[in-house]
2 protein chains.
Amino acid sequence: MLLAPIGSMVALLFAAHLAWKVAKADPGTKEMQDISKAVREGAMAYLYRQYKVILIYGVLMFAVLSLMAYHGIQNWFVPFAFFTGLFFSGLSGYIGMQIATISNCRTTQGVRTSLNRGLRISFSSGAVMGLTVVGLGLLDLSIWFFALKWYYAANPGAVPVGSTAIKEITDVMLNFGIGASSMALFARVGGGIFTKAADVGADLVGKVEAGIPEDDPRNAAVIADNVGDNVGDVAGMGADLYESYVGSIVATMALAITAGYGISGAMVPMLMAGVGVLASIIGTFLVRVKGEDADMKKLLNALRRGIYTSAILIAVLSFFVIRHTTGDMGTYVAIVAGLLAGIIIGFFTEYYTSDAYKPTQAIAKASETGHATVVLEGIANGMMSTAIPVIIVAIATLASYFCAGAWAGGASGGFDFSRFSPSNPKFGEAAAQGLYGVALSAVGMLSTLGITLATDAYGPVADNAGGCAEMCGLGKDVRRKTDALDSLGNTTAATGKGFAIASAALTALALIAAYKDKITALSNLAEINLDILDPTILVAVFIGAMLPFLFCSMTIRAVGRAAGSMIEEVRRQFHKPGVMEGKVKPDYAKCVDISTKAAQKEMMAPAILAIMAPISVGLILGPFAVAGLLVGSLASGFVLAVFMANSGGSWDNAKKFIEDDHYGGKGSQNHKAAVTGDTVGDPFKDTSGPSLNILIKLMSMVSIVFAGLFFVFH
Amino acid sequence: MLLAPIGSMVALLFAAHLAWKVAKADPGTKEMQDISKAVREGAMAYLYRQYKVILIYGVLMFAVLSLMAYHGIQNWFVPFAFFTGLFFSGLSGYIGMQIATISNCRTTQGVRTSLNRGLRISFSSGAVMGLTVVGLGLLDLSIWFFALKWYYAANPGAVPVGSTAIKEITDVMLNFGIGASSMALFARVGGGIFTKAADVGADLVGKVEAGIPEDDPRNAAVIADNVGDNVGDVAGMGADLYESYVGSIVATMALAITAGYGISGAMVPMLMAGVGVLASIIGTFLVRVKGEDADMKKLLNALRRGIYTSAILIAVLSFFVIRHTTGDMGTYVAIVAGLLAGIIIGFFTEYYTSDAYKPTQAIAKASETGHATVVLEGIANGMMSTAIPVIIVAIATLASYFCAGAWAGGASGGFDFSRFSPSNPKFGEAAAQGLYGVALSAVGMLSTLGITLATDAYGPVADNAGGCAEMCGLGKDVRRKTDALDSLGNTTAATGKGFAIASAALTALALIAAYKDKITALSNLAEINLDILDPTILVAVFIGAMLPFLFCSMTIRAVGRAAGSMIEEVRRQFHKPGVMEGKVKPDYAKCVDISTKAAQKEMMAPAILAIMAPISVGLILGPFAVAGLLVGSLASGFVLAVFMANSGGSWDNAKKFIEDDHYGGKGSQNHKAAVTGDTVGDPFKDTSGPSLNILIKLMSMVSIVFAGLFFVFH
């Protein structure tokens, strides 16, 4: 039972060890250190301002939650847990950004010694983020779990009539995800706007108008662009997955009690997380390469070796976890289904976005007939790519549900699928067990998070290392190796997005199941019927399906406006005497500031939409309709997120494919058409698409927390 | 009770009268007649080939339906009704195309006399299509209704145990929509591919590469382009709305019986259709203008006068229809809600797509920063525009449901909303009445079809008239007037699409409600519970939400491939000696042939997807899951269709706005960027978007027809 807090501590200690190793690596020349410092300062300025905004939000939300607690429609622990969730998620973002921004130029310097050294430094930086996220997430949950356990043991009267201490604990903890969800909202949406405003601004003026290369130090937005990589893919991605991690665990705990698994069932997700930490740490040791040839396949295999080994370890160890807790082997199938789904979706994401395969090459070819055909082919490719992830999630969900529910008789039992026959008296029990299985498959998918997030957070470090080499004018050999590491980062960014979306979808699914559980309890009915053709629910499904589109529209426009201000500033600075000649340093901080301010301002409207939509529907149409809203949003948001991420990824790689001397190469008309595709794809893949992960999870979390309020009005 | 067949006859006679008037109008010079003839021949060649393909499909489907009838899982009338549905829908397409292709140059000639004469000819042509569709649709249903009534009266033993003759009639008739749905599938998808292959091919080579104006007779694809306008917006749009018209009526009839309204309730949708015919005919008389100044506002007001008058007439007359049949004034609210929703959605469609408003102007402005920002702004605008239609449909649905269900006590009754309290013993009755109300609101929306379809089908005639003027080199004054008529057509095309999508959504909703009714009956249970969180249903919702994306991907690529062959052919013909000098006529028929063949070939895969998806899910996951699939598809398909239609429409108009000397005007870099947007929008608004209407309705219709089969396996 102590595996979870021990796992948490091990994760944090190992992260500290890795951070220490990175910190003592050679920081490079004075020039390199300056660049690193500028990026770090920019990143910290961004975090500082964002956390200030979040603090204001935090105080408001704390007040609302306290008010609800005061009126007895929410537990008094929740406002405080909201704050710890916000704090730990924010802290892991801070640590991740710190380490990422000291690793960038150290990676460049490391590459000068050996390719492996560069890979180790950048990957270790990613691993620090990965292990910090799982470590702090698990720590937060463990602290509360043991504290609540102690509290309810000490105050047996605090448990409401008809409940048990463990049920009360899991019910309260279910609401704890709201802190992580809130942090994720700001980090993902704000980070997405920051990074693309800087990127688009830097590219449009630098590359297109002035004709200077990417990462050229004369471009005022170049530091902002490098900061943006970290802000989006370290802080944003980290907070997103932190939310999924915590959300899936608390939902599974709550469903365990309903399904009658008791405390051992509730502990399973925490234990899985502990096992995942150990497996992830072992995996990180396997990420290393031999030799100095910067071969993509070799590098990719190094990462895959780490991830696959971790996954296999988890598959083996979780067998024993289940064996020694609930003994329900059906839930073991669910865990493996989740693990496998994550890996398969990653593979197909690569197929649809990598230029090694047909779909992306077809986009490059479409550049021959101009801008419009590139755009159309990318959209068609992204839309096509939605089929497989949806079908895989569908299969994983059904397998988890039916296997977990069919298991009868505890540790010595077996599968009995006849329990799902509606006439079977065990049907209700089977259904509840099945939902616990579905939630557990999300936990299974996310158990590799320590290492999968490491491969994601590695990306911006490698990208920045390339920028550092370019800005310092280092030799071709160094640039070749940093390019290879960067290129590897682009691949992991695409597959990481696939993983993030799929895990968000499964987490949201688990949260929606928990929401139904909660409203069933609140309604005082034995069971509630959420008929899909009840017009109130049906209409809510429609509205839910529309929200992701509205949300995307808002975030696309936000990037457009923010990029607009950035473009003006970069242009202005190019006109300052001496800048274009490289004699006068442009004012990097100003551009960072523009992106920072724009990100805070522009994320307001989408954030309000995400929080207010479920509350409004709950108050107007009632708690049952909210279930429809959530399902509608999840269904359309999941598909839209995959579409946008994969369209964006494939446009990006199609452009790079042309730059590798296909279809006319760099500077040709075809290349210009491909750049159009890439620019359209920028907000698709780095702002709107990933923000949808947040939308679908946050709306579910908000609904859970505010469910009590809906019942006051209905 | 004879109002429906009388209405049908009146519609057809009045259509014949209008057709006769158009036919005797001056056909213009020999050159104009030649062009008209070329377009007509092309259109007929297309129809001929398409109907051949449909015949093969028809025989196959007939065999399948007969096989099901043979095994007792479908009624023996259905295969025959399938054929009559196919035939009447096909016939109305044929008549509409005939009249449209004789009106084009007659409109040009008419404009030489007066603007009003041109408007009258082109609008009359549209009215022939509109009235033929409602006339033949109503005729088909009336014939079967009276034939079945006679049959069951003559053979009382043919009614199954526990059923009544009228219930049996409406149950059988519910399946009749499959003929119209099948025709719509081929006409919309095939027509959409044809028209955009020709359009994109003609534009990319003619306007962009060769630099000659639109509709230049030296362009080999120019006739195909003109044929395409008719194929897409006359035959395609007509078949789409024919399907909605028939589908909403049969669904309402079936739901009337379940709700206990008896034969009078079942007759209401037919009577409404009859009333709609009369109102539409009166409306057509009001579409006329005074004076020769081609002012858009004046022209638009002429059309609106017609539509609004018809709508008001229907609102008044349907009061008496309800009063003298069921007496349920709640259903009267439903009819008015549907009518109003159609009009309001039309208004907002105009707001989001017309260059008189901000959204489209913002797209034009985005051209200043290049191709990518035009694309992004258009996408953001389209996504934003989905909110209002969804919310309006939601409000109309809820208003219809609750008002219709709350009415208690027949003609002398009143509203009693407490019936919807779950503890009220009348809850089941209220819910059934409510669903009948929802279906009736679709009928209400579609009751104006005679005149709304007229305004749609008017568009291609006006467009062709402009082409005729251009190709014959007529004077500037004529061109100015035909341009104004064309421009009016563009506006009605956008609002017409909004109307088509909204009515498709409401029709699909009615069909899904009828599907639930049908599977409840087939399951032999008193009531069935389609819980949205039952994993089988939930997973089906996910798959359903994904299908529209997959379908769009297929249709976008189909247009791309077809346009590719067209581009090659046009280029080849430009290189033939004498063509560019205007001495040798290009081979127009060859281009028509390419589009025709491509359309038939490319529509296969999407068609198979649309038909097989519900059948596969029904066989694998069962009939309950199909309900989830349909709701998922409807929710995401509706939103996606609005997004694509409005993005496309606004790109088109942003381009035209720039051509009207804004932001640099024709030929500028900004204009080129806007052309990219327009080209991306072409398959969005004319192929993929409208095809989604078919997807959501057809899948529901297929599910209804094959429901019996699902139960054999589950």
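Predicted model: local features only at pLDDT ≥ 70, side-chain atom pairs only at ≥ 80, totals over all residues.
Axes here are lines fitted to C-alpha atoms, for helices over the stretch in contact, and the angles between them run from 0 to 180 degrees between N-to-C directions.

Chain A has an average pLDDT of 93, and 100% of the residues score at least 70. For the model, ipTM is 0.96 and pTM is also given as 0.96.

Two packed helices are described by the angle between their axes and the distance between the axes.

| Helix pair | Axes come within | Crossing angle |
|---|---|---|
| α2 (residues 30-70) and α7 (residues 222-258) of chain A | 9 Å | roughly 60 degrees |
| α2 (residues 30-70) and α18 (residues 588-602) of chain B | 10 Å | roughly 25 degrees |
| α19 (residues 604-621) and α21 (residues 669-713) of chain B | 8 Å | roughly 35 degrees |

Start with the pair in chain A, whose axes cross at roughly 60 degrees. That angle makes α2(A) oblique to α7(A). The crossing of these two helices is right-handed. On the α2(A) side, the contact is made by Ala38(A), Val39(A), Gly42(A), Ala43(A) and Tyr46(A). Facing them in α7(A) are Ile223(A), Ala224(A), Asn226(A), Val227(A), Asn230(A) and Val231(A). Sorted by class, the contact holds eight nonpolar and three polar residues, with no charged ones.

Now find α2 in chain B, and look at its meeting with α18(B), where the axes cross at roughly 25 degrees. Here α2(B) counts as roughly parallel to α18(B), because angles under 35 degrees are given that name. This crossing is right-handed. Which residues of α18(B) does α2(B) meet? They are Tyr588(B), Val592(B), Thr596(B) and Gln600(B). The residues that α2(B) brings include Ala38(B), Gly42(B), Tyr46(B) and Arg49(B). In this contact, six residues are nonpolar, four are polar and one is charged.

The last pair is α19(B) with α21(B), another right-handed crossing. Among the α19(B) residues in the contact are Pro606(B), Ala610(B), Pro614(B) and Gly618(B). From α21(B) come several residues, including Ser691(B), Leu695(B), Met699(B), Phe706(B), Phe710(B) and Phe713(B). The contact has 15 nonpolar and three polar residues, and no charged residue takes part.

**Where the two chains meet**

How many residues does each chain bring to the contact between them? Chain A brings 59 residues and chain B brings 60 residues. On chain A, the helices that each supply at least two residues are α12 (371-384), α13 (387-406), α14 (427-446), α16 (476-523), α17 (535-574), α20 (623-659) and α21 (669-713). The one that gives the most is α17(A), with 16 residues. This side of chain A is made of 41 nonpolar, 14 polar and four charged residues.

How are the two copies arranged? A rotation of 180 degrees, with 0.0 Å of shift along its axis, superposes chain A on chain B with an RMSD of 0.0 Å. The two copies are therefore related as by a two-fold rotation axis. Of the interface residues of chain A, 100% are also interface residues in chain B, so the copies meet through the same surface.

Note on methods:
Residues numbered from 1 in each chain as written. Chains lettered and ligands numbered in written order. Contact = placed C-beta atoms within 7 Å. Helix = DSSP H or I, 4+ residues; strand = E, 2+ residues; numbered from the N terminus. Nonpolar A, V, L, I, M, F, W, Y, C, P; charged D, E, K, R; others polar. Least-squares fit on C-alpha atoms with pLDDT ≥ 70 in both. pLDDT = per-residue confidence, 0-100. Parallel < 35°, antiparallel > 145°, perpendicular 65-115°, else oblique. Left-handed = near helix turned anticlockwise from the far one by under 90°.
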